[in-house]
Amino acid sequence: MDEQVSQDSCDVEVMNNSKGVLLKIANLYAEQLMSDVVLVVGSNRYPAHRVILCASSDVFQVMLMNPEWNECRESVIELKESPMCSMVFPQFLKYLYVGQIKVSIQTVMPMLELADKYNIKDLVELCVDYMLKHVAKAATQGYLVSWYQYTISLGCNHVQLTRALQNFLKWNLDIVSESNDFNELCGMILVMLLQQNDLVVQSEFTLFEYLEKWLFFKKDQLEKELDMTEEEKLYELISTIEAVFVHVRFAMMSPAELAQILVRPIMSYHKQFFVERVAIGMSFHSGQDEQIREIRNQPNGALQFTPRLYTTDVWGLSMTIPEFEQVENYRNFAAYFFSQKNLSECHEEQSVAWEIEFFPRGVRYNRAMLIGVFNMTNNTEIPESIIKTVRLKVLCRERLEDDRRFTIGVLISGVQNKITHVRTCHTRMAYFSNEFRVLNIDNLIPYEELELSAVDLSPHLVGEKRDTIRIQVIIAPLGEYGCSEAPPLEFRNL
């Protein structure tokens, strides 16, 4: 009997006609056959099938199957959707039948909104995956801010996507600020952004110019509000200035830049406020410690005296490694530069010498012998050691009289959608002294990623031939008034 069953089992063959079944379901949508419900979206009507809607979405299932909902008994159901969601609704509905969809930079956001609203998890994953692969393109085409503001409004629903959009915004503000999308940035989110220490920008004055452009756009919008009086518009404008520009770090501008602010057009809208903020910067550069301490004791006051990641040559240097495939294992690339020793101009000592060593192919310590070490009776051999890491070694070549705090920033360029941008940013706060002069920063880039670059091209390789690594090292003193921590950029409902 067992032998007979075994022989019958050998005759079993799986027949797969899943494509044909999917085609039959797709024909229900295409031919509008046997539909038992009509979805009304805007001025359009879409015949559909309850069984397909319920199988695809638990939201539709509750709506169409729960007797407590009026829609359960209706054959025509009106759905309230935004204009953009209404435009993509035919493609959204078709996806429920065929499992295929075409999205673009322009349409993926409303498609994600519909997928979130009706809790269609597989479509959510497709949209999020597309957006993660097109963050840089969204930034250059003016969609990144709207994407970010949508995802952050959902709290923790799309953490990975929110983080990617947030990092691009923080580390590539020069790219984002060139689009009209930047002007649509919500004031509350902008305030959260301005509180960050790892905001990458050419200078604090450049950041001020970006915000001035943003404010004038808001002013033009206020002018179009027919329901507001002139007094209400002015009050709103002044309130926006005070809420946003209070987070500009005027002390991080040079006296010459502070003087320029006093003649900017924005001064005419709230002169007293800007004069007071410029005075903070001037007090810092003139060494008025008592006034500085008073400001520092205010909420987030220490941030006024904390540098961001400024990309001008005053703060660091760029390093480029071409033809990376030909770089030998464990080879290092060295460079020397001077950075500022103090943030304010009231100090005479203005520079610190640094030596930078970059190890893109791992680090090797050669075999060595410890000879005549105290408390050791015999010489000890230290074997060769290899560390598979992408390392930056920072050496302070200056003889410091006392411990000094510095912020070290490492910006690593990358490519997405053929757009070169800052893809990765590492920051460290470190104390340097005569005894502690070296800081090693490991895992700048996943070691395996560069090891496989010939097979699976690393997104951190740039240049025309995609064979170059480009990093920028930024070193800024924190001083006694700065702080190493900033309020978190939280995922919360706004």
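Student: Two strands pair if DSSP finds at least two bridges between them. Which way do S14 and S17 run, parallel or antiparallel?

Tutor: Antiparallel, with seven bridges joining S14 to S17. Names like these come from DSSP runs numbered from the N terminus: helices are H or I runs of at least four residues, strands are E runs of at least two. This is a predicted model, where local features need pLDDT of at least 70 and side-chain atom pairs count only at pLDDT 80 or more, while totals for chains, interfaces and linings use all residues. Residues are numbered from 1 along each chain as its sequence is written, and side-chain values use heavy atoms, with hydrogens and water left out.

Student: Which residue of S17 bridges Ile408?

Tutor: Ile475 is the bridge partner of Ile408. S17 also pairs with strand S6 (residues 316–321), in the antiparallel sense and over six bridges. There, Gly316 has Ile474 of S17 as its partner.

Student: How many residues of S17 are buried?

Tutor: Eight of the nine residues in S17 (469–477) are buried. Buried means under 20% relative accessible area, exposed means over 50%, and partly exposed is in between, using a 1.4 Å probe and protein chains only.

Student: New topic: H7. What span should it have, and what do the end atoms give?

Tutor: H7 (residues 121–132) has 12 residues and should span 16 Å. The expected span is 1.5 Å times one less than the number of residues. The end C-alpha atoms of H7 are 16 Å apart, so the two agree.

Student: Which H7 residues are buried?

Tutor: Leu123, Val124, Cys127, Val128, Tyr130, Met131 and Leu132.

Student: And what covers them?

Tutor: The cover includes helices H5 (83–98), H6 (108–117), H8 (135–140), H9 (144–153) and H10 (159–171). Strand S14 (404–416) is also part of that cover. Contact here means heavy atoms within 4.5 Å.

Student: Why does Cys127 count as buried?

Tutor: Because its relative accessible area is 1%. Cys85 is buried too, since it has 2% relative accessibility.

Student: Where does H5 lie?

Tutor: H5 lies across S1, S2 and S3, running at about 5 degrees to S2. Axes are lines fitted to C-alpha atoms, for helices over the stretch in contact, and angles run from 0 to 180 degrees between N-to-C directions.

Student: What order do those three strands take?

Tutor: S2-S1-S3, an open sheet with mixed pairing. S2 (44–48) and S3 (76–79) are the edge strands, each pairing on one side only. The twist averages 25 degrees from one strand to the next. Four bridges join S1 (residues 37–41) to S3, and these two run parallel. Val38, for instance, has Val76 of S3 as its bridge partner.

Student: What about the sheet with S13 in it? What is its order?

Tutor: S7-S8-S13-S16, an open sheet of four strands with antiparallel pairing. S7 and S16 (438–441) stand at the edges with a single partner strand each, so one side of each has no neighbour in the sheet. Twist here averages 20 degrees from one strand to the next. S13 (391–396) and S16 share four bridges, and Val394 stands opposite Leu439 in S16.

Student: Now a helix pair. At what angle do H12 and H13 cross?

Tutor: Roughly 175 degrees, and their axes come within 13 Å. H12 and H13 are therefore roughly antiparallel. Under 35 degrees counts as roughly parallel, over 145 as roughly antiparallel, 65 to 115 as roughly perpendicular, and the rest as oblique.

Student: Which residues make the contact?

Tutor: Gly187, Leu190 and Leu194 on H12, and Leu207, Leu211 and Trp214 on H13.

Student: What does His247 touch?

Tutor: Val191, Leu194, Gln195, Gln304 and Arg308, leaving out residues up to four places away in sequence. His247 sits in the loop between H14 (230–245) and H15 (255–261). With a relative accessible area of 17%, His247 is buried. His247 and Gln195 are 52 residues apart in sequence, but 6.4 Å apart in space, C-alpha to C-alpha.

Student: Last one: what is phi of Tyr330?

Tutor: Near 70 degrees, a positive value in a residue other than glycine. Most residues other than glycine have a negative phi. Tyr330 lies in the loop between S6 and S7 (333–340), and is partly exposed at 24%. Arg466 also has a positive phi, near 50 degrees. Arg466 is in the loop between H18 (447–451) and S17, and at 23% relative accessibility counts as partly exposed.
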